[in-house]
Amino acid sequence: MTAKKKPKVYITRKLPDAVETRMRELFEAELNIDDTPRSRDELAAAMKSADVLVPTVTDRIDEALIEQAGPQLKLIASFSNGFDHIDVDAAARKGITVTNTPNVLTEDTADMTVALILAVNRRLAEGSRILTDKPGEWTGWSPTWMLGRRIWGKRIGIVGMGRIGTAVARRAKAFGLSIHYHNRKRVSPATEEELEATYWDSLDQMLARVDIVSVNCPSTPATFHLLSARRLALMQPGSIIVNTARGDIIDEAAMIQLLRDNKIAGAGLDVYQNEPAVNPKLVKLAHQGRVVLLPHMGSATIEGRIDMGDKVIINIRTFFDGHRPPNRVLPGRN
C-alpha cells in the first residue's frame with residue numbers, strides 16, 4: 001500500500017518552533033525561517049503550487065490573488081482570529097475553503113486592554129521613559145509630580161460585548177469600574193447580573209456618559225469608522241479611548257484632532273488604521289504623553305500562538321481527512 005501523500009502547505013510567516021516542527025512532521029510544509037513578509041508575487045506563486053496556504057493578518061488575500069490560485073489550492077487555513085484580510089466570498093467562488101483560529105486569544109487580548117487602560121490613566125509609559133531616556137531628571141518622590149487618574153469608581157463603556165469584551169468587563173469589574181456596554185444584542189441576563197452591566201442600545205448615549213471607551217468589536221464593513229468623528233466628539237473631555245481590536249473601527253484622524261484639542265484626555269492603541277504605518281501625529285502625541293502606542297501585540301503570548309498553530313493543524317488535517325474543518329469561515333461573513 002502506498003503512503004498517503006502529504007498536502008503541500010505554504011506558511012507565510014514564522015510560527016513558534018513547536019508549531020513549525022509539528023507542521024513539518026504532518027505536511028510537506030514550506031516555512032518562512034527569517035519571517036520576511038511575503039510580497040504579492042510570492043503569495044501568487046505559492047497559491048499556484050501549494051495545496052494549503054497558511055496566511056496571517058498581515059497578508060491581504062484579495063480576489064485578485066485568489067483568482068490566480070492553481071486548481072490544487074483547496075484550503076486557506078489562516079493563522080488568525082479575524083478573517084477580514086481574506087476575501088472569503090471570492091475563495092468560495094473558486095472552490096477554496098477558508099478557516100481561522102478563533103477563541104484562543106480572548107484572555108491575552110483582555111489582559112492587554114486593561115494594561116493599556118492602566119498605562120494611559122497612570123502615565124506608565126511616561127514614567128518609564130523618564131528613568132530610561134532622561135537619566136538624572138528624577139530627583140525623588142514629590143506629592144504633585146506625575147499625577148495620573150484613578151480608575152476605581154469610573155465607568156467603562158465596552159463597544160462589542162463578545163468573548164473579548166466580556167473578558168475585559170470581568171477584569172474591569174475587579175478594578176472597581178462600573179460596566180457599561182453597547183452590542184448588537186444584549187448579553188444573557190446571567191452575564192449582566194454577574195457583571196452588574198448596563199446595556200445601551202444607543203452607542204451615542206453611552207459614549208457621552210463613560211470615562212473609558214474600550215473598542216472590542218470585530219472589523220467588518222458595518223464597523224468601519226463606527227467611532228466616527230461625530231461619535232468621538234460625544235466623549236467627555238476627561239475620558240480616554242483604548243483600542244485592541246482593529247484600527248479602522250476608529251476614525252483615526254478625528255481622534256487625533258480631539259486629542260490635540262484636549263477634547264479627550266488620552267488614548268491607548270495597539271492597532272492602527274494603516275498599520276504597519278503609524279500616523280506621525282500619533283507618535284508626536286506619544287512623546288507628549290498623551291497616548292500610549294503598542295505594536296499590535298495584544299495577543300502576543302507564546303501560549304496563545306501555540307494554541308493558534310494547533311487550530312491551524314487541526315483544520316488542515318480534518319479537511320484532508322474528508323471532513324468539514326471545525327473553524328470554517330462561511331461566505332457572506334466579511
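Tyr181 stands opposite Tyr199 in strand β8. The model is a predicted one. Two bridges join β7 to β8 (residues 198-199), and these strands run parallel. Between them, the chain passes from β7 through helix α8 (residues 189-195) to β8, in a right-handed β-α-β crossover.

**The aromatic pairs**

The structure holds two aromatic pairs. Tyr181 and Tyr199 form a tilted one, with 5.1 Å from centre to centre and 50 degrees between the planes. This pair links distant parts of the chain, because Tyr181 in β7 and Tyr199 in β8 are 18 residues apart. Tyr181 is buried, with a relative accessible area of 0%. Phe319 and Phe320 also form a pair, and it is edge-to-face because the planes stand at 75 degrees, over the cut-off of 60. Their ring centres are 5.1 Å apart. Phe319 counts as partly exposed at 21% relative accessibility. Phe320 also counts as partly exposed, at 28%.

**Strand β7 and His180**

Is β7 largely enclosed or open? Four of its five residues are buried, so β7 is largely enclosed by the rest of the structure. His180 lies in this strand, which spans residues 178-182. At 8% relative accessibility, His180 counts as buried. The side chain of His180 makes a polar contact with the side chain of Trp200, at 2.9 Å. Beyond its neighbours within four places in sequence, His180 is in contact with several residues, including Arg155, Ile156, Gly157 and Ile158. Thr198, Met206 and Val210 are also among its contacts.

Strand β6 (residues 155-159) pairs with β7 in the parallel sense over five bridges. Here Ile156 stands opposite Ile179 of β7. Together with helix α7 (residues 163-174), β6 and β7 make a right-handed β-α-β unit.

**The seven-stranded sheet**

Which strands make up the open sheet of seven? The order is β8-β7-β6-β9-β10-β11-β12, with parallel pairing. β8 and β12 (291-293) stand at the edges with a single partner strand each, so one side of each is left without a neighbour in the sheet. Further along, β10 and β11 are partners, and Val242 has Gly268 in β11 as its bridge partner.

Helices lie across this sheet. Helix α5 (residues 106-122) lies across β6, β9 (212-215), β10, β11 and β12. Its direction is at about 150 degrees to β10. Helix α7 lies across β6, β7 and β9, running at about 170 degrees to β6.

**The five-stranded sheet**

Five strands form an open sheet in the order β2-β1-β3-β4-β5, and the pairing is parallel. Its edge strands are β2 (28-30) and β5 (97-99), each pairing on one side only. From one strand to the next, the twist averages 15 degrees. Inside this sheet, Tyr10 has Leu53 in β3 as its bridge partner.

**Strand pairings by number of bridges**

| Strands | Residues | Bridges |
|---|---|---|
| β1 and β3 | 8-11 and 52-54 | three bridges, parallel |
| β10 and β11 | 240-243 and 266-269 | four bridges, parallel |

Key. Residues are numbered from 1 along each chain as its sequence is written. This is a predicted model: local features need pLDDT of at least 70, side-chain atom pairs count only at pLDDT 80 or more; totals for chains, interfaces and linings use all residues. Side-chain values use heavy atoms; hydrogens and water are left out. Buried means under 20% relative accessible area, exposed over 50%, partly exposed in between (1.4 Å probe, protein chains only). A polar contact is a pair of N or O atoms within 3.5 Å; within protein, one must be able to donate a hydrogen and the other to accept it, and residues adjacent in sequence count only if both atoms are side-chain atoms. Contact means heavy atoms within 4.5 Å. Two strands pair if DSSP finds at least two bridges between them. A crossover is right-handed if, with the strands pointing away from the viewer, the path from the first strand over the helix to the second runs clockwise. Rings of Phe, Tyr and Trp (its six-membered ring) pair if their centres lie within 6.5 Å; planes under 30 degrees apart count as stacked, over 60 as edge-to-face and the rest as tilted. Axes are lines fitted to C-alpha atoms, for helices over the stretch in contact, and angles run from 0 to 180 degrees between N-to-C directions.
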